[in-house]
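Welcome! Take a moment to look over the structure shown here, and then let us walk through a few of its features together.

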Amino acid sequence: MRDAPVDESERSGTLVPAFITVRHELPIRTIVTVLAVLAVLWLLAQLWTLLLSLFVALLLTAALDPPVSRLERRGVPRAASIAIFVLALAGIVAGGAVLVVPPLIEQGTQLAEAAPGYLERFRLFTQANPEVFTRVQAAAAGSDADPQAVASRFLAAGTGLFRGISAFLIVLVMTAYLLADGERIYDWTVRYLPQDQRIRVRQALPEISRVVSGYLLGQLLTSLLFGVFTFVVLTALGVPQPLLLAILAAVADAIPVVGVVIATIPAVLLALTVSPLAAGIVLALYLAYQQVE
């Protein structure tokens, strides 16, 4: 019986390295798909403001459709019902802006003017950790005493206010259109669905509208209550700029998870300029209110 030939590399105990060349080929379809996805993402990034307005308009449509339908069932034409609720919403927002914006600007100006004094009071409570005070002082020093910088901030605030008013008007127009032509838009949207799914969607829409309407109304109520609670507590304790902090609290109440932190930290810091006791009371009352809510 003959032995099989043995490689010399095996006799010497060494291994001969083997080089393997791997070639990757991307099909044209994959390249086109990746480019199409990138193009869609770029388009969404360019249109995110419009898409956000459309989303808010859809929420308002779902919230206003039940009362509009109830008014329509009582004999009021749908166009008149839509006009009543849209104009009422615009009136509420405009009235709130007229009542809130002037004192809000005034308190914001007072906060900017009193910032050095607040900083000095804050320094008294941070002597145990001078690094914190140094950073806060450096941030404050780089942001004041420059008239051009102050003017640019006011200009930016005015521009932002104008954009906000424009966006609100666009949302109102979208909401009125969706309420008026909702049936036709619905038919155009679901025409590609199978018949059984169309029936299911049709049955689910009233419940979806009811839930969204209830959620928005409930969130508006809780935000309003938190804002009033904040204003009363801070005013009673003598904390500066209570209206500014109350509006911040009302807006932050609608933000999940981090909203409590956003509302609490500025209020506690400004209460600290009054006294450590006031800051502790504000923190305890904020936390207690959030637990109750």
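A residue is called buried when its relative accessible area is under 20%, exposed when over 50%, and partly exposed in between, using a 1.4 Å probe and protein chains only. This is a predicted model, in which local features need pLDDT of at least 70 and side-chain atom pairs count only at pLDDT 80 or more, while totals for chains, interfaces and linings use all residues. Residues are numbered from 1 along each chain as its sequence is written, and side-chain values use heavy atoms, leaving out hydrogens and water.

Helices here are DSSP runs (H or I, at least four residues), numbered from the N terminus. Contact means heavy atoms within 4.5 Å.

Although A278 and L237 are 41 residues apart in sequence, their C-alpha atoms are 6.5 Å apart in space.

**Helix α9**

Now follow α9, which runs over residues 195-237 and has 43 residues. From first C-alpha to last it reaches 63 Å, close to the expected 63 Å; the expected span is 1.5 Å times one less than the number of residues. Where does α9 have a kink? Look at A204, shortly before the proline P206, where the kink is about 30 degrees. Such a bend is the angle between axes fitted to the seven residues ending at a position and the seven starting there. After α9 comes G238, with a positive phi near 75 degrees.

Several residues of α9 are buried, including S209, V212, S213, F226 and L234. The buried residues of this helix pack against α3 (48-73), α10 (242-252), α11 (259-272) and α12 (276-292).

**Where α3 meets α9**

α3 and α9 pack at about 100 degrees, with their axes 8 Å apart. That angle makes α3 roughly perpendicular to α9, a label for angles of 65 to 115 degrees. From α3, the contact uses L59, A62, A63, D65 and P66, and from α9 it uses S209, V212, S213 and L216. Six of the contact residues are nonpolar, two polar and one charged.

Conventions: Helices (H or I, at least four residues) and strands (E, at least two) are DSSP runs, numbered from the N terminus. Axes are lines fitted to C-alpha atoms, for helices over the stretch in contact, and angles run from 0 to 180 degrees between N-to-C directions. Angles under 35 degrees count as roughly parallel, over 145 as roughly antiparallel, 65 to 115 as roughly perpendicular and the rest as oblique. Ala, Val, Leu, Ile, Met, Phe, Trp, Tyr, Cys and Pro count as nonpolar, Asp, Glu, Lys and Arg as charged, and the others, Gly among them, as polar.
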